[in-house]
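Subject: Structure handover

Hello,

Here is the structure for you to look over. My notes follow below it.

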Amino acid sequence: MAATPPPPASAGDIDALHYLQQQLVQQVELRDRFAQPLRSIAGFVTASEDDGATLRATALLLDADTLAIIDRQVARLPAAMPEITDLQGFRVLPALLEALAMLKHPPDLAFVDGHGTAHPRRLGIAAHFGVATGLPSIGVATSILTGEPRMALHEMRGAFTPLRDGRQQIGWVLRSRPDSPPLIVSPGHRVAMAAAPELVMRFTTSHRLPEPIRLAGLAASAT
């Protein structure tokens with residue numbers, strides 16, 4: 001499990017965290033290494049409370065076949081560092097790890113509210129979480145952090161187009177629901193680029209978000 005460094009207090013510390021991201025991303029595996037068939041999946045959602053002083057991580061464990069809720073846990077921890085967009089993984093990881101540890105058992109596949117490889121250094125929250133835990137993971141975000149779609153996206157459900165940063169594909173722009181803004185989907189760890197949109201759509205019903213993340217968000221708002 002990757003260590004969580006102390007919070008940055010200066011530009012030099014931020015540079016050190018950027019460097020650590022570059023080291024950690026070398027551990028990211030972009031090939032399918034999740035259980036087949038999947039038995040359980042989980043959604044992980046984080047949010048700030050108390051004007052950013054507290055971080056809340058919600059973990060929702062589901063049966064992969066029926067989407068029945070197996071377990072739900074919420075962890076709250078003091079925020080150890082300020083909010084910096086491209087360093088969110090370091091900020092929220094301790095709370096995510098706490099919520100994961102509270103579950104009855106780890107999932108076969110984790111859906112994380114945030115980016116995976118669709119990140120300036122290819123280590124968004126989902127990728128950071130995957131490397132730290134060894135869990136197969138996918139990042140699902142609602143806006144682009146970096147990169148551009150390869151082409152205009154069709155309005156039909158399930159349409160997707162590559163998200164590229166220069167010549168490199170870093171994720172997908174996915175239309176999970178007609179007449180709704182697309183999702184930004186990218187593998188986090190131990191999931192191949194090609195598998196990510198299919199897995200998100202497999203667990204998306206009539207809503208925009210895949211059920212693990214949607215239900216985790218609902219659970220978080222109720223706590």
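Ala141 stands opposite Ile184, a residue of strand 9. Strands here are DSSP runs of E with at least two residues, while helices are runs of H or I with at least four, both numbered from the N terminus.

Before the rest, some ground rules. This is a predicted model: local features need pLDDT of at least 70, side-chain atom pairs count only at pLDDT 80 or more, and totals for chains, interfaces and linings use all residues. Residues are numbered from 1 along each chain as its sequence is written, and side-chain values use heavy atoms, with hydrogens and water left out.

Strand 9

Strand 9 covers residues 183-189. It pairs with strand 5 (residues 137-141) in the antiparallel sense, over 5 bridges. Pairing takes at least two DSSP bridges between two strands. Strand 8 (residues 168-174) also runs antiparallel to strand 9, joined by 3 bridges. There, Trp172 has Val185 as its bridge partner. Buried means under 20% relative accessible area, exposed over 50%, and partly exposed in between (1.4 Å probe, protein chains only).

Arg122

Arg122 sits in the loop between strand 4 (109-113) and helix 3 (125-133). Its relative accessible area is 16%, so Arg122 counts as buried. Leaving aside neighbours within four places in sequence, its contacts (heavy atoms within 4.5 Å) include Val25, Thr146 and Ile170. Asp165 is another of these contacts. The side chains of Arg122 and Asp165 are joined by a polar contact of 3.0 Å. A polar contact is a pair of N or O atoms within 3.5 Å; within protein, one must be able to donate a hydrogen and the other to accept it, and residues adjacent in sequence count only if both atoms are side-chain atoms. The Arg122 side chain also reaches the backbone oxygen of Pro120, at 3.3 Å.

Best wishes
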